[in-house]
Amino acid sequence: DLLGFDAPATTTTASSVDMLAPTLMMNEPVAPAPVAPPAPEPAAPPPPPAAPIDPFADAGLLDGVTQTSLPSFSAPNAFDSAKFEFGGSPITPLAINTPQFGEHWGSCPSTHPLSIASSSSVNTLSKFMALCEKAGLHKVEEIMATNEGIAACMAGGGSAVALVHGKISPLPGGTSRVDVTVKSTDPGLSQGLSLYLQNMIR
């Protein structure tokens, strides 16, 4: 009897035919149902990328930082077109002679020396003195024999005095070593003026 039940081919063929036919029919209608859920899922991811884009837009402050840093690099160019300022006001020339310069030199407690190993822009004494005058100092004396020059200025309506001594030592190749000493009655003035001159002598 078992063989008899297994024997009928009609049942097997019918089942095989039935399996193929319904699967095709079932798959066709059922297929659209699973396809529908994935469609909304890709739509969901786009919003998260949009969120980081907004912070990056807000991070435009970084662009502002780079813009501020650019002027800092060009600061020396700004020095070229303006006198040195102290306390928000340009310094003024202090018209004194060499003996008076010597007297003030000893009474200025704040000293800021600086040394530029090699400068091509300020490679002569005349260029150094011209730089001092452009900064707002008075050219006291230019000693060509020793390549030394002295200059003086005041700030705060004369409440602070600054003195500058420079020596130019020519080097091979058209450059020069520049040694400068800035002395002042005000530490802030001597420090600021020395930094200004250091940026200018390049």
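In this predicted model, Val178 touches Leu114, Ser115, Ile116, Ser119, Val122, Phe128, Lys167, Ile168 and Ile201, with residues up to four places away in sequence left out of the count and contact meaning heavy atoms within 4.5 Å. The protein has 202 residues, of which 25% count as buried, where buried means under 20% relative accessible area, exposed over 50% and partly exposed in between, with a 1.4 Å probe and protein chains only. It holds 10 helices and eight strands, taken as DSSP runs (H or I of at least four residues for helices, E of at least two for strands) and numbered from the N terminus.

Because this is a predicted model, local features need pLDDT of at least 70 and side-chain atom pairs count only at pLDDT 80 or more, while totals for chains, interfaces and linings use all residues. Residues are numbered from 1 along each chain as its sequence is written, and side-chain values use heavy atoms, with hydrogens and water left out.

**Confidence and overall figures**

- Among contacts in the protein with a separation of 6 or more, 62% come from residues 24 or more positions apart.
- The accessible surface comes to about 12100 Å², with 67% of it belonging to carbon and sulfur atoms; the areas come from the Shrake-Rupley method with a 1.4 Å probe, and for residues only the protein chains shown count as cover.

**Nonpolar cores**

- In soluble globular proteins, nonpolar side chains tend to be buried together.
- The largest nonpolar core has 28 residues, and Phe128, Leu137, Val164, Val180, Leu193, Leu197 and Ile201 touch the most other members; such a core is a set of buried Ala, Val, Leu, Ile, Met, Phe, Trp, Tyr and Cys residues joined through side-chain atoms within 4.5 Å.
- Two or more residues of this core come from each of β4 (110–119), α9 (125–135), β6 (148–155), β7 (160–170), β8 (176–184) and α10 (187–200), and α9 gives the most, with six residues.
- Leu197 touches Leu131, Val164, Val180 and Val182, when residues up to four places away in sequence are not counted.
- A second, separate core holds nine residues, including Ile96, Cys108, Ala152 and Val161.

- Val178 is placed in strand β8 and is buried, with a relative accessible area of 0%.
- The C-alpha atoms of Val178 and Ser118 are 7.1 Å apart in space, although the two residues are 60 apart in sequence.
- Ser184 also has its place in strand β8, and it counts as buried because its relative accessible area is 0%.
- The side chain of Ser184 reaches the backbone oxygen of Val161 at 2.7 Å and the backbone nitrogen of Asp186 at 3.0 Å.
- Leaving aside neighbours within four places in sequence, Ser184 is in contact with Cys108, Pro109, Ser110, Val161, Ala162, Leu189 and Ser190.

**Salt bridges**

- The structure holds two salt bridges, each defined by a side-chain nitrogen of Lys or Arg within 4 Å of a carboxyl oxygen of Asp or Glu.
- Arg177 forms a salt bridge with Asp179, the closest N and O atoms being 3.1 Å apart; Arg177 is partly exposed at 34% relative accessible area, and Asp179 is partly exposed at 24%.

- Asn147, in the loop between β5 (138–143) and β6, has a phi near 55 degrees, a positive value in a residue other than glycine, and is partly exposed, with a relative accessible area of 22%.
- Pro99 lies in helix α8 (residues 98–106) and is exposed, with a relative accessible area of 56%.
- Pro99 and Val140 are 41 residues apart along the chain, and their C-alpha atoms are separated by 9.9 Å.

Technical notes
Polar contact = N/O pair within 3.5 Å; in protein donor to acceptor, adjacent residues only side chain to side chain.
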